[in-house]
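Hello,

Here is the structure we discussed. My notes on its salt bridges follow below.

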Amino acid sequence: MSGIVATPVHFPHQHQDPRLSPSHPMSYNTINSAGRKRKAEDEEPSADDRMSTSPSPSLHQRSLPAQRVTKRLRPATTGRPLPLPRLLETLDKDSLRSILQTICQRHPGLGAEIEQTAPRPSVSSALAVLKQYESTFLAAFPFGGSPTSDYAYNRVRPALTNLLEALADFTPHFLPPSEAQASQSLSFLDSATELIHRLPDWSTFQHRLHKQNAYEEISKAWTSVIQEAAKRAGGVHIQYGGWDQKLTKHNQQSGGKLHEAVDEMSKHLGWMGGQSTTQQHGGRGDDLSSVRQELLSGTYGSNLPVRVGPW
């Protein structure tokens, strides 16, 4: 134990420079080399540091807390039906009428509301519709052959039926009390009677019944309007409108099928003490009713020339 010499352990002083210690050469080299590396690294910035010092968006992202950019979610573009106003713009007149008719059949209460909301048809608009039916009727005739034959009748019968049904529907619309103005009623009846004149006189008697029935209905319509007009304003519309002359012409063209209306016109003109246009122009009329009315009103013979001088 006494022979073992203890080697003293030297601890470096706290303020002693380790580079001046000769007792630890390897430690000195190792520590010195590590110190120089750290110092070089501290003095020379690395590539990452140089990139970090450049004014780039990455510096802002690293130095400031990340901000989330909220994007508005846009609805996806998907198909959808047209709005009702746009849909109605694409419909033609026939399609729109068909849709309305179907809806009114399913919901009868809507029919009355549409009748109250829709504007009242005028004489010109009603006659325009009848003209379209007449054009369709004329276009249905076959080329060649007799236009009054049974073959022609069979070809145009559907169009003829549509025309007569439209006439039968429009006529009551312009009669009193539905139509309060006699001038409007008489104007429509005048054009409607002209339309009946243009219907063919078919070769077969049964086919001619369409036209005869139309004359009967239009004659009743004339009579109804004349009776109502005579009650208003002293019958001025029929007395000074020249309607007696127009009615007389219609009666002649129909072969006397409007005689009831002519008799009614003559009766009211005679009761008002007036003369028909035909009488004013020197004619006594073509039928016995005109002569009878002249006798009753005391105007018979007033249009005869009066002799002056010795008999």
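**Salt bridges**

Lys267 and Glu264 sit three residues apart, about one turn, in helix 13 (residues 259–271). Helices here are DSSP runs of H or I, at least four residues long, numbered from the N terminus. A salt bridge joins Lys267 and Glu264, with 3.3 Å between the closest N and O atoms. The term means a side-chain nitrogen of Lys or Arg within 4 Å of a carboxyl oxygen of Asp or Glu. Glu264 is buried at 10% relative accessibility, while Lys267 is partly exposed at 41%. Buried means under 20% relative accessible area, exposed over 50%, and partly exposed in between (1.4 Å probe, protein chains only).

This is a predicted model: local features need pLDDT of at least 70, side-chain atom pairs count only at pLDDT 80 or more, and totals for chains, interfaces and linings use all residues. Residues are numbered from 1 along each chain as its sequence is written, and side-chain values use heavy atoms, leaving out hydrogens and water.

The structure holds eight salt bridges.

Asp94 is partly exposed at 47%, and so is Arg97 at 41%.

Glu179 bridges to Arg120, with the closest N and O atoms 3.2 Å apart. This pair links distant parts of the chain, 59 residues apart. Glu179 lies in the loop between helix 8 (150–173) and helix 9 (182–197). Arg120 lies in the loop between helix 6 (108–117) and helix 7 (123–139). Glu179 is buried at 11%; Arg120 is partly exposed at 44%.

Best wishes

How values were computed:
Helices (H or I, at least four residues) and strands (E, at least two) are DSSP runs, numbered from the N terminus.
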